[in-house]
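Biologist: I have a structure here that I would like to understand. Could you take me through it step by step?

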Amino acid sequence: MTKEKLKIAFYWAASCGGCEIAVLDINEKILDVIGIADIVFWPVAIDVKYKDVEAMPDKYIDICFFNGSIRNSEQEHVAKLLRKKAKTLVAFGSCAQEGCIPGLANLHDAKEILNTVYLKEKSVVNPEGVVPKPETEVKEGKLEIPHFYDTVRTLDQTVDVDYYLPGCPPPVKLISNAIDAIAKGELPPKGSVLAPLKSVCDECPRKKENKKISKIYRVHEKAPEPEKCLLEQGIICMGPATRSGCEAQCLTVDMPCTGCGGPCPNAPEQGAAMMSALASILGLENEQEHYSEEDVEKLMSQIKDPVGTFYMYSLPSSILRRKVMKQ
Ligand code: SF4
Ligand code: SF4
Ligand code: SF4
């Protein structure tokens, strides 16, 4: 008897499109996907409308891969719709898992962002000061566009999520492993992150010598020695606080890990875990037992963009979540 094919859906919310490209990067493995599954919804590739999804019976879709975070009312609506229609919902990529780069918008609110983009930017020509509104009356009737939220949310801050595929975008190997697990019906328990339990440091070939550092360099300020740990050369590398699965690929081209694999299994607050790792190796020359507040401030002031460094991918999913705005 022929086995019934799975029904798979892909969707993108607040995303850059890179996760869609990552699906195509699996190359001939896409044939395995076609072999085991029919793609029933994929806005970037096939013409299936929201109303077609609404007409599907509940739990009709076997697996939905959802990339992108939730930053407007349309994305929230589709997340809730796909949750209803899918048996298994996978947060695909860092944006869906933890908010990622779009989540850095949580340092501002909607009004600030719209004012900057539509009114203040030097390249903008907008003499009538038109800023998008959810509803606009025109002579033909009422025009509606999605409501732009103040706060970017992760997928699991919006609906119940079954699995997480980390990365910006997820590495091809992790996607392939997930497809194999789906095909064999061997997915781990609900809530699992479909990636190894180790940190990026565990996969990194660079040598660590437990050296202290007193000076921090931005990545363009120093040509690193090729075989030594970047962190021990003063370049902030998120490897100690980041889950592996990418085979430490940034480190093989002399770039530090910026943390896209998300937090390590036992340290879910990735930014705090990295600050703690950094604090353990950061010190003044001629290391002293007690540092004055001034000493500590001097060391810390070398970190030019603390939120962008420690929370580049995880601000919405962190305990900080967003900047509190003055009313
Ligand atoms: S996780 Fe990265 S690659 Fe994927 S949509 Fe977000 S920003 Fe783009
Ligand atoms: S801190 Fe970075 S460079 Fe150093 S071992 Fe870890 S991943 Fe490699
Ligand atoms: S090394 Fe870090 S930033 Fe680079 S792909 Fe791996 S997890 Fe992402």
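Biologist: Which residues are around ligand 3?

Modeller: Keep in mind that this is a predicted model. A residue counts as near a ligand if one of its heavy atoms lies within 4 Å. For ligand 3, that gives Val200, Thr242, Cys246, Gln249, Cys250, Cys257, Thr258, Gly259, Cys260 and Gly261.

Biologist: How does the shell around ligand 3 divide into nonpolar, polar and charged residues?

Modeller: Cys and Val count as nonpolar, while Gly goes with the polar group. The shell includes Cys246 and Val200, and also Gly259. The division is 5 nonpolar, 5 polar and no charged.

Biologist: Which residues are around ligand 2, and how many of them are charged?

Modeller: The residues around ligand 2 are Val200, Cys201, Cys204, Arg206, Lys208, Cys229, Leu230, Leu231, Cys237, Gly239, Pro240 and Leu251. Arg and Lys belong to the charged class. The shell has 9 nonpolar residues and 1 polar residue. The number of charged residues is 2.

Biologist: Which helices each supply at least two residues of the shell around ligand 1?

Modeller: The residues around ligand 1 are Ser15, Cys16, Gly18, Cys19, Ser94, Cys95, Cys100, Gly167, Cys168 and Pro169. By class, they are 6 nonpolar, 4 polar and no charged. Two helices each give at least two residues: H1 (18-24) and H5 (94-98).

Biologist: What do the side chains of Arg83 and Asp162 form, and which parts does the pair tie together?

Modeller: Side chains of opposite charge can pair when their charged atoms come close. Arg83 and Asp162 meet at 3.0 Å, N to O, in a salt bridge. Arg83 is buried at 12% relative accessible area, and Asp162 is buried at 8%. The pair ties together parts 79 residues apart in sequence, because Arg83 lies in helix H4 (residues 73-85) and Asp162 in the loop between strand E8 (148-153) and strand E9 (163-165).

Biologist: Which residues are linked with Asp162 in a network of salt bridges?

Modeller: Asp162 also meets Lys190 in a salt bridge, at 2.9 Å, N to O. That pair links distant parts of the chain, 28 residues apart, with Lys190 in the loop between helix H7 (172-184) and helix H8 (200-203). In the network, Asp162 is linked with Arg83, Asp160 and Lys190.

Biologist: Are Glu140 and Lys139 buried or exposed?

Modeller: These two form a salt bridge, with the closest N and O atoms 3.2 Å apart. Exposed means over 50% relative accessible area. Glu140 has 65%, and Lys139 has 80%. Glu140 counts as exposed, and Lys139 counts as exposed.

Biologist: Where does the side chain of Ser318 reach?

Modeller: Ser318 lies in the segment after helix H11 (306-310). At 8% relative accessibility, Ser318 is buried. Beyond its neighbours within four places in sequence, Ser318 is in contact with Glu269 and Tyr311. At 3.1 Å, its side chain reaches the backbone nitrogen of Arg321.

Technical notes: Residues are numbered from 1 along each chain as its sequence is written. Chains are lettered from A and ligands numbered from 1 in the order in which they are written. This is a predicted model: local features need pLDDT of at least 70, side-chain atom pairs count only at pLDDT 80 or more; totals for chains, interfaces and linings use all residues. Side-chain values use heavy atoms; hydrogens and water are left out. A salt bridge is a side-chain nitrogen of Lys or Arg within 4 Å of a carboxyl oxygen of Asp or Glu. Helices (H or I, at least four residues) and strands (E, at least two) are DSSP runs, numbered from the N terminus. Buried means under 20% relative accessible area, exposed over 50%, partly exposed in between (1.4 Å probe, protein chains only). A polar contact is a pair of N or O atoms within 3.5 Å; within protein, one must be able to donate a hydrogen and the other to accept it, and residues adjacent in sequence count only if both atoms are side-chain atoms. Contact means heavy atoms within 4.5 Å.
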